[in-house]
Amino acid sequence: MIVFALRRIAAMVAVLFAISVLTFLLFQVIPNGDPAVRLAGRTATPREIADVRRQWGFDKPVYVQYLRTMEQIMTGQVVSYTQQVNVIEQIGRDLPATISLTVGAGVIWLIGGVILGLAGALLSEGGRLARLADRLLGALAMAGISTPTFLLGDVLLFYLGYRAHLFPLGGYVPLTEDPVGWLTHMILPWLTLAILFTGFYARVLRSTVLDTMREPYVRTARAKGLSERRVLFAHVLRNSLLPIVALWGLDLAAVLGGGALLTETVFNLHGVGQYAAQSIQSLDIPPILVITMLTAFLVVVFSALTDIVHAALDPRVRLR
Amino acid sequence: MSAALLAVEGLQVGFDTERGPLRAVDGLSLQVDEGEVVAIVGESGSGKSAAALAIMGLSGREGASVAGSVRLEGEELIGAPQRRLREIRGARIAMVFQDPMSSLNPVRRIGDQIAEQIRAHERLPRAQARERAVASLRRAGIADAERRAHAYPHELSGGLRQRAMIAMALSCSPQLIIADEPTTALDVTIQAQVLSELARLRAEDGTAVLLITHDLGVVAGIADRVVVMYAGQAVEQGSAEQVFADPQHPCTWGLLGSIPRIESERAQRLASIPGAPPSPLALPPGCRFAERCPHAFERCAEPVELLARAAPDGGRDAGGSREGHDDLERAERARVAPGHLDRCVLAPELKRARRLVGGRIGL
C-alpha cells in the first residue's frame, strides 16, 4: 500500500510536470499568442507593449517564465492576463458548480447505464419481441451518445424551461444558499450531461454482461441450484461491474477537470469548464495552465482511487 | 436388483446452428444405481458433456433442445419446472466441472461460494452455512480448511481448486455427482489424488458418480460400468470388466490402445485413432465410426443398433455353429454377458482376432 502510494505520487509529479511544460510551450508557439500585446490593450503603442513585456517578464527566456509561472501557481499567486484576477480563487468559485454537475450526472449515468445495459443484455437473450426491444435500446443509446450536448441542452431548455416553465433558464444556485433552487437548476444539466454517458455505459455493460453470462462459473452457479435472480445479481452483474467502476472513476475525473464545458456553457453554470473555454478564447495562459494541471491531477488521483476500489472488488487485482 | 438412481432413456440433445440443426447426443440410454460409478468415455466432441448438462437440466440455457427421458428415482426431469430442477441441482445431483479455475467465481471466496449453495437449499444462518462449507472442504481432503475457505480461487493450486469444487459438490450430500472431465486440467499426480478422493467419498457416503472423461485410463480403477460414446451415440457399454477385458467396438479398441503403458519396451509413439469424427451436421447413415475404422466392410454402411453382441466367455468358443438363430443367439449372449452392448457388426471371433495389435488391444 505504501509502495502503491509512493508510485502514484511519483507518477503524479511526472504527469503534472510534463503536462504543464507541454501546455506552456504550446502557447509560446501559437500565432497571435503574445500576451504582452493583449495585456497592453488595443490602442497601445509599441513602447507601451515593450513596457508591459518587461513588467510581466515576457522578455525573459522561456524556462524562466515557466518557472516563475509555476512558482506563482504553487503559491496561489497566479493572475490571469485578461482580467487580472487570481486564477486559483476564480477556480475555487467555479468548482462547486462543476462538482454539483459532475457528481449528480455521474450517479445518474452510472445507475441509468447499469439498468439499461442489463435490460439490453437480458432482452437480447429473449424472444423476437425482446430482441427488438434490445435493438431499440441500442438505437437510443447511440442517439444519446451522438446527440451534441449544445443541441440537447438547448432543446431541453427551450421546451422544459422557456415553454413549459418547469425549470429555470440556466444559471447556478449554490447548494448552501438554496437547496431547492440548486436542485431545480441542476436537473436539466444533469440530464444533458448524463444522457451522453448513459448510452455509452449501457453499451459497455450490455456486452460485458453477455460475455459474463457465458463464463463457466455462471454455469456452476446454476448447477448449484441458485435462483436465476441470484445468478444474475451475485455472479453475472457483480463481475460485470468491474470494468464499469474503472471507467466511472476516470470519466468523473475528466468531467470534474472541465470536461463538461459544453453543458456548463449551455446552462451558464459558471463552472470550471466554462472558465476554461473563455480562457482559451482569449489565449489566457495562466487559467488554461492551472485547469489543465487540475484535470491531470484529478485523473491521477481518481485513477488511484479507482484502482483501490477495483482491488477491493476484485481480489486478483494487486495494488502496485 | 436395486432401483436405478438415475435412468436416462433415449436422450437427445440438439442445437440449432447457422448451418442447420445438429444432434450432439443421439439416443443415449444409461443407468446409474445407488453408490455406483458409471463412466462415459469418448473423444472430445462425442457428446458426453452435452449429455451431462442435459441431465442437469442446464443445456436449455445454452440454447439446446432436449428430448427423451431423464429420471431421478423415478421422477422425470426433462420438462420439469425450473423451480423443481433448482431444488434438485446442487442438492441431489451435484456437478464437478472440468476447469476449476474458470468454474469458480474468481472474485468470491471459496467458502462463500460453497455456503451460497448450502443456503440455496437449506434455511441456515450465514455463519452456520460457512461452518458447513469448512467441514465440506475438510471432507474433500483439504488440510487447513478454515484458512482455505477464506481464499480466492486464484490463491489455490489446481489440485486444491478441484478439491474445493468437489467440496462444493459434496456440501449438500448429493445422491449423484456428475464429474465432467474432473482431472483433465490437472497434472498427473494430482489427477490420481482427485480420483482416489472421488472413490473414497463414494465408498464412505455411497454417493453415486457419473464420471465423464476422454481417458479410459482414468476409468479403469474406479468405474463399475462404462459407456463409450462416439459422435453422439453410445457405441459400447457394459461393466468395466466387460469393456476392458472383452471390448467389442473398434472405437473402444482405439481408446484402449491410446492409454500410455509404463511397461512399453522402448519409447514408442503414443497410439492414436487416425482421422477426425464426422461432422455432426452430416452424419453417415451407417456406423459413424466406419470412416476411421480399418476393419470396416460393406455392412458398416447400414444402420447399426446397440445390441448384446459379445460372445460368451470373451468369444473364445463362439463359432459359426448357430447361424440362422440370431435371436436365440443374442438371448444367450445377453444371459452370459448381461448388459454388454455394442454397435459393431463384426463377428465376435473376428473382433477377438483383430483387436490385438502387437500383443495388446488397439486399433
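A salt bridge is a side-chain nitrogen of Lys or Arg within 4 Å of a carboxyl oxygen of Asp or Glu. In this predicted model, Glu116(B) and Lys224(A) form such a pair, and their closest N and O atoms are 2.8 Å apart. The rule finds two salt bridges across the interface of chain B and chain A.

The side of chain B that touches chain A draws at least two residues from each of four helices: α1 (48-56), α3 (100-103), α4 (110-121) and α7 (158-170). Of these, α4(B) gives the largest share, five residues. Sorted by class, this side of chain B holds 12 nonpolar, eight polar and seven charged residues.

The interface can also be described as a whole. On one side are 27 residues of chain B, in contact with 22 residues of chain A. Together the two chains bury about 2200 Å², and carbon and sulfur atoms account for 57% of that area. Between chain B and chain A, 11 residue pairs are in polar contact, both residues being at pLDDT 80 or more.

Leu176(B) lies in strand β7, which covers residues 176-180 of that chain. Leu176(B) has a relative accessible area of 0%, and it therefore counts as buried, the cut-off being under 20%. Leaving aside residues up to four places away in sequence, Leu176(B) touches residues from several parts of the numbering, among them Leu5(B), Val32(B), Ile93(B) and Val209(B). Asp33(B) is 143 residues away from Leu176(B) in sequence, yet their C-alpha atoms are 9.4 Å apart in space.

Definitions and conventions. Residues numbered from 1 in each chain as written. Chains lettered and ligands numbered in written order. Predicted model: local features only at pLDDT ≥ 70, side-chain atom pairs only at ≥ 80, totals over all residues. Heavy atoms only, no water. Contact = heavy atoms within 4.5 Å. Buried area = accessible area lost by both parts, 1.4 Å probe. Polar contact = N/O pair within 3.5 Å; in protein donor to acceptor, adjacent residues only side chain to side chain. Nonpolar A, V, L, I, M, F, W, Y, C, P; charged D, E, K, R; others polar. Buried < 20%, exposed > 50% of the residue type's maximum accessible area, 1.4 Å probe, protein only.
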